[in-house]
Amino acid sequence: MARLLAYTDGACSGNPGPGGWGVLLRAMDGETVLKERELKGGEADTTNNRMELLAAINALETLERASEITVVTDSAYVKNGVTSWIFSWKKKGWRTAANKPVANVELWQRLEAAQARHRVTWEWVKGHAGHPENERADALAREGMKPFKKGAA
């Protein structure tokens with residue numbers, strides 16, 4: 001059975017500012033790449049955290065059927081949020097430990113719904129450390145941001 005991986009990243013030029021998200025989806029058989037797909041997008045006025053979340057959301061939402069997938073992110077915010085913090089946020093009515101509203105709540109809810117269809121394992125990798133698939137996801141995020149940067153055609 002093929003192993004499915006999604007390498008995700010977000011980028012922002014200014015925070016807030018124009019931003020982009022990128023996803024490298026791979027189906028693997030051992031060390032052999034069976035299939036690969038790239039996704040990207042962006043927004044004119046956003047934050048890095050929103051782009052990191054949208055990368056993970058789009059990776060999961062693009063899958064047509066329930067899948068077992070490993071999502072690899074360089075965002076501790078996304079990984080810790082979805083594997084740990086989200087449970088207490090929900091118990092507290094989407095409020096933080098400091099009783100403040102959770103930032104990006106609509107994206108966290110969308111990520112939770114997207115994840116519910118699948119069996120997801122979350123992995124964190126250090127960003128900008130030469131990890132080839134993470135570097136590709138970063139390049140896709142930067143490509144997704146390009147149309148929203150000042151002076152873009």
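User: Which residue of β4 does L5 stand opposite?

Analyst: L5 stands opposite T70 in β4. This is a predicted model, where local features need pLDDT of at least 70, side-chain atom pairs count only at pLDDT 80 or more, and totals for chains, interfaces and linings use all residues. Numbering starts from 1 along each chain as its sequence is written, and side-chain values use heavy atoms, without hydrogens and water.

User: Do β1 and β4 run parallel or antiparallel?

Analyst: Parallel, with five bridges joining β1 to β4 (residues 68-73). Strands here are DSSP E runs of at least two residues and helices are H or I runs of at least four, numbered from the N terminus. Two strands pair if DSSP finds at least two bridges between them.

User: And how many bridges join β1 to β2?

Analyst: There are 10, and those two strands run antiparallel. A6 stands opposite L25 in β2, for example. β1 and β2 form a hairpin with four residues between them, and G14 in the turn has a positive phi of about 90°.

User: What kind of peptide bond joins N15 and P16?

Analyst: A cis one, with omega about 15°. P16 sits in the loop between β1 (3-12) and β2 (17-29). Most peptide bonds are trans.

User: Back to β1: why is it largely enclosed?

Analyst: Because nine of its 10 residues are buried, β1 is largely enclosed by the rest of the structure. Buried means under 20% relative accessible area, with a 1.4 Å probe and protein chains only.

User: Switching topic, what's the phi of W94?

Analyst: W94 has a positive phi of about 60°, though it isn't a glycine. W94 is in the loop between α2 (76-91) and α3 (105-116). It counts as buried because its relative accessibility is 16%.

User: What about N99?

Analyst: N99 also isn't a glycine, and its phi is positive at about 65°. N99 lies in the loop between α2 and α3.

User: What's the volume of the largest pocket?

Analyst: About 500 Å³. Of the 16 lining residues, L4, K35, L63, R65 and S67 are closest to the centre of this pocket. β1, β2 and β3 (32-46) are the elements giving two or more residues to the lining.

User: How is a pocket defined?

Analyst: On a 1 Å grid over the protein atoms alone, it's an open set of points where a 1.4 Å probe fits, with protein on both sides within 12 Å along at least five of seven lines; lining residues have an atom within 4 Å of a point. The volume is the space filled by probe spheres set on the points, which are joined across faces, edges and corners.

Methods: Buried means under 20% relative accessible area, exposed over 50%, partly exposed in between (1.4 Å probe, protein chains only).
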